[in-house]
Amino acid sequence: MPEVIKIIIIGESQVGKSCLLMRYTDNIFINSYILTIGIDFRVKKIMREDQPLTISIWDAAGTERFRSILPSYYRGCHGVLLCFDMTDRSSFERVIYWLSQIDIHAPTTIKKVLVATKCDLSLSQHQIKLSEVEAMSKEFSVPFFLTSSKTGSQVEQAFQNLIDRTQAPQKLNSVNLHTNTNADNKCTACVK
Ligand SMILES: Nc1nc2c(ncn2[C@@H]2O[C@H](COP(=O)(O)OP(=O)(O)OP(=O)(O)O)[C@@H](O)[C@H]2O)c(=O)[nH]1
Ligand SMILES: [Mg+2]
């Protein structure tokens, strides 16, 4: 079991990757958009089963012009958060592209989580149905989380799911794809 877990956050530009990272590491939300140049990096130390664990998190720029540097950052990654914006259909359609990038560049053992962002925004702004997210999750056997970095909803859970699976892969390989849709955890904005 690794004592330092390396996680990368990927997805199209402006889906909210940096906000997800800031919410997880610093518990803050930044309303204005600050473009990530190349790649950003933060560390969070947690306790897991009474043992200290260091999580190093790489926040990749989504813009096309920084894509060429990305392949080398997948190296040695234990987990990946693949983000799309619930209010931007094109970012959801690009999930397949990002999955192919993981297949090409990341270790075969990498654990994946699909992260729907901005679920705090009103249903009228949503461009993706929950059933479509569920279908994508099922097709690629990747659990999903309906998150909001603004409210903090499901952010911790998305990271924790990834961390747990990197720590005990043999037990948690058959992860329940729908655990995050339990009534208590459900992001109500996404319930249709
Ligand atoms: N309402 C709402 N807005 C969000 C949320 N997450 C991010 N945003 C907004 O979306 C915009 C883009 O967020 P970023 O986190 O910078 O996006 P990014 O994916 O890192 O973008 P790149 O660095 O270009 O790849 C910002 O204006 C954020 O305030 C969220 O959960 N809810
Ligand atoms: Mg960013």
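The shell around ligand 1 in this predicted model is made up of eight nonpolar, twelve polar and four charged residues. Of the 24 residues around the ligand, those that come nearest are Gly 16, Lys 17, Ser 18, Thr 36 and Gly 62. The element that gives the most to this shell is helix H1, spanning residues 17-26, from which three residues are drawn.

The chain as a whole contains seven helices and six strands. Read from the N terminus, these elements follow the order β-α-β-β-α-β-α-α-β-α-β-α-α. The chain has 192 residues, and 39% of them count as buried. Among contacts with a separation of 6 or more, 74% are accounted for by residues 24 or more positions apart.

Strand E4 (residues 79-85) was examined together with its neighbours in the pairing. Seven of the seven residues of E4 are buried, and the strand is therefore largely enclosed by the rest of the structure. Burial extends to both faces: Gly 79, Leu 81, Cys 83 and Asp 85 point one way, Val 80, Leu 82 and Phe 84 point the other way, and all are buried. E4 is joined to strand E1 (residues 4-11) by five bridges, and the two strands run parallel. Within this pairing, Leu 82 of E4 stands opposite Ile 10. E4 is also joined to strand E5 (residues 111-117), here by seven bridges and again with the strands running parallel. Asp 85 has Thr 117 in E5 as its bridge partner. Leu 82 and Asp 85, which take part in these pairings, belong to the two opposite faces of E4.

Helix H6 comprises 13 residues, 155-167, and reaches 19 Å from its first C-alpha to its last, which is close to the 18 Å expected at 1.5 Å a residue. Its buried residues are Val 155, Ala 158, Phe 159, Asn 161, Leu 162, Ile 163 and Thr 166. Asn 161 and Thr 166 are polar and are included in this buried set.

Helix H4 covers residues 95-105 and contains Ile 96. This residue counts as exposed because it has 12 C-beta neighbours inside 10 Å, and a residue with 12 or fewer is classed as exposed. Ile 96 and Met 136 are 40 residues apart along the chain, and their C-alpha atoms are separated by 9.2 Å.

Terms used:
Residues are numbered from 1 along each chain as its sequence is written. Chains are lettered from A and ligands numbered from 1 in the order in which they are written. This is a predicted model: local features need pLDDT of at least 70, side-chain atom pairs count only at pLDDT 80 or more; totals for chains, interfaces and linings use all residues. A residue is near a molecule or strand if its C-beta atom, placed from the backbone, lies within 6 Å of it. Helices (H or I, at least four residues) and strands (E, at least two) are DSSP runs, numbered from the N terminus. The expected span of a helix is 1.5 Å times one less than its number of residues. A residue is buried if 20 or more other C-beta atoms lie within 10 Å of its own, exposed if 12 or fewer, and partly exposed in between; C-beta atoms are placed from the backbone. Two residues are in contact if their C-beta atoms, placed from the backbone, lie within 7 Å. Two strands pair if DSSP finds at least two bridges between them.
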